[in-house]
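Hi there,

Here is the structure I promised to pass on to you. Have a look at it first, and then read my notes below.

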Amino acid sequence: MSYQPEFCYLHRHEMFSGCEKPNEFWKGSLTIHGLWPQRRDGTWPSTCSNEKFDESTLSDLGRERFATFWPNVKVSMGSPGFTSFWEHEWTKHGTCSGLTQDNYFNTALTHFLPTPDIVEEYYGRGESILKKDLENAYIHDDDNGDVSKKNHVVLVCSRNGKYLSEVRICVGKNSDGSASRRIMCEPSVIKEGNCDDEIFIPKFYIDNAWQFNQTFSALIKSE
């Protein structure tokens, strides 16, 4: 799961369309980056066949679902290259999943991880939150109502581990190749977590520009 405000900040000079006019939903919710088959030893298969991405998958599952929950912020809908993000995910990872294209993308969308309210509450406030508080906010009951395992998440931060960038979870695999449920991640995944004990929730850089313009306008009117 990716936090788009931080992705956009890191790529602010490229002025991606989704960063210039972000969906309000993304301020309080992380979005899907991908679904990646991975071995227990930390290695992963890649590009396992030459099956081309079928754009009809977007229509089959709902283009708005992708636009909201698995967005390509680099390219606006209807523009050339709009499907390139999902094409990349299918070619590199989906072809190794053993699933059809519709099943692969639907599996990822079905396992969309809801973002706890604390992220929206601290959006752009300039105040840090404790890493353990964010981790605990992600705890949910498993199928048996047991929270003892915590169904933990792996937090990834940028800018020297200070700003929330990604949240990673692990999903089990059934004997038929389909995804099962959230499971504890392997040590190889856990070690990818790099956030400090205190984390900042950034805001879209475009909000900073809007705030500056509003302040500048107010100063001119007051003179």
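Asparagine 72 touches Gly81, Phe82, Ser84, Phe85 and Trp86, leaving aside residues up to four places away in sequence. Please keep in mind that this is a predicted model. You will find asparagine 72 in the loop between α5 (63-69) and α6. Is asparagine 72 buried or exposed? Its relative accessibility is 9%, so asparagine 72 counts as buried, the cut-off being under 20%. A polar atom of its side chain lies 2.9 Å from the backbone oxygen of phenylalanine 82.

Next, have a look at glutamate 166, which sits in strand β3. Glutamate 166 has a relative accessible area of 18%, so this residue is buried too. Its side chain makes a polar contact, at 3.0 Å, with the side chain of arginine 168. Beyond four places in sequence, glutamate 166 touches Met1, Ser2, Leu30, Val154, Leu155 and Val156.

In soluble globular proteins, nonpolar side chains tend to be buried together. The largest nonpolar core here has 43 residues, and those touching the most other members are Phe66, Trp70, Trp86, Phe105, Leu134, Val167 and Ile199. Several elements each supply at least two residues of this core, among them α6 (84-92), α8 (117-121), β2 (154-158) and β3 (163-168). Which helix gives the largest share? That is α7, with four residues.

Happy exploring!

Key. Residues numbered from 1 in each chain as written. Predicted model: local features only at pLDDT ≥ 70, side-chain atom pairs only at ≥ 80, totals over all residues. Heavy atoms only, no water. Core = buried A, V, L, I, M, F, W, Y, C linked by side-chain atoms within 4.5 Å. Buried < 20%, exposed > 50% of the residue type's maximum accessible area, 1.4 Å probe, protein only. Polar contact = N/O pair within 3.5 Å; in protein donor to acceptor, adjacent residues only side chain to side chain. Contact = heavy atoms within 4.5 Å.
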